[in-house]
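Here is a short briefing to read alongside the model. Please keep the sequence and the 3D view open as you go.

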Amino acid sequence: MSSFTTSLLINCVVVTYNRLNLLKENIQALKAQTLQLHKIFIIDNCSTDGTREFLDSFSPDPHMEIIHLPENKGGAWGFYEGIKQAVLAGCDYVWIMDDDTIPTNNALEELAKGLSLSAHIGFVCSKVIWTDGSLHKMNGPNLISDSITTKYEQKNNPQTAGLACESCSFVSVLFSAKAVREVGLPIKEFFIWADDLEYTSRIHQHHYDGFYIEKSVVVHKTAVNYGPKIQTAPVDTAWKFYYHARNMSYINRSRKKNALVYYISLLNRYRIYLHRINKRPDSKEDKKKFKDAVKRGCLDAITFKPSIEYLP
């Protein structure tokens, strides 16, 4: 381990809601990292399964900071609050994830090594696998086209390598505190989905570099290995596609300055949703759940105008 790596001050943020057993496993994995964390911030989204009482048992631990939100405001609000508090507390980098993310013992160390790939790092992210060892369908990074076949390597140490990416999920990503201060915080009103895409893309658009570090591995312990594809997503996740439609439409609006072009693209997005939903093998009733969700999401996107908050 290099002196650069060991001298880094890294805070960690975990957002949790009613997954006590997974949270316990997550915290155990964080404390077992080969690169020691400075402080772990746990953002509890008003859990009701004994999580609050469990977390309060850490009150004497100076390396644990527990923040109980008064209501469940979604993962996006949790990450907004956690990154805000972690950076304000003082750190060089902040590592974030959900409570169902179980990092391998050297996941953070490998991410930290990846920071040497550029002098202007905004974020580095992990390889996310499911419980059977396959890549998780929800958490792949958006690689920059020329990096798909080209690995960026540290000149003095070819063992440290990464693939350039322009965005990634919030399941194990290490942010530069400098970048956070410059580009602002994640949009808390997203509730769930696409907050990670918007935030990491925003950092990339501010000319910071991002890298996917394959040697940094975490396990995302979701019940099933699925991605946010409306034609294959489980029926009980239909409600989430309201946020998918609204948030993705907001991101699209921020990239299209011409109002007419945006409204045409919004109608086209809705049409594509319906086309994909109709491919599902479900009953009409189940398909309607998805259709209602995306219709409301696309309509609400027209007036959804959250602001970006910056640290003092």
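Helices (H or I, at least four residues) and strands (E, at least two) are DSSP runs, numbered from the N terminus. This is a predicted model, in which local features need pLDDT of at least 70, side-chain atom pairs count only at pLDDT 80 or more, and totals for chains, interfaces and linings use all residues. Residues are numbered from 1 along each chain as its sequence is written, and side-chain values use heavy atoms, with hydrogens and water left out.

**Helix H7 and positive phi values**

- Just after H7, histidine 207 takes a positive phi of about 70°.
- H7 itself is largely enclosed by the rest of the structure, because nine of its eleven residues are buried; buried means under 20% relative accessible area, exposed over 50%, and partly exposed in between (1.4 Å probe, protein chains only).
- The buried residues of H7 are Asp195, Asp196, Leu197, Glu198, Tyr199, Thr200, Ser201, Arg202 and Ile203.
- Phenylalanine 191 sits in the loop between helix H6 (177-183) and helix H7 (195-205), and its phi is positive, about 70°, although it is not a glycine.
- Serine 172, in the loop between strand E9 (157-167) and strand E10 (173-176), is another non-glycine residue with a positive phi, near 70°.
- Serine 172 counts as buried because its relative accessible area is 0%.

**Asparagine 252 in helix H8**

- Asparagine 252 is part of helix H8 (residues 240-255) and, at 15% relative accessibility, counts as buried.
- Leaving aside residues up to four places away in sequence, asparagine 252 touches Tyr262, Ser265 and Arg269, where contact means heavy atoms within 4.5 Å.

**Surface patches**

- Patches are made of residues with over 30% relative accessible area and no salt bridge, joining like charges within 9 Å and nonpolar side chains (Val, Leu, Ile, Met, Phe, Trp, Tyr) within 5 Å.
- A salt bridge is a side-chain nitrogen of Lys or Arg within 4 Å of a carboxyl oxygen of Asp or Glu.
- Lysine 229 lies in the loop between strand E11 (209-220) and H8, and with a relative accessible area of 53% it is exposed.
- A nonpolar surface patch consists of Tyr263, Leu299 and Ile302, which together have about 270 Å² of accessible area, computed by the Shrake-Rupley method with a 1.4 Å probe.
- Isoleucine 302 is found in the segment after helix H10 (284-301) and counts as partly exposed at 31% relative accessibility.
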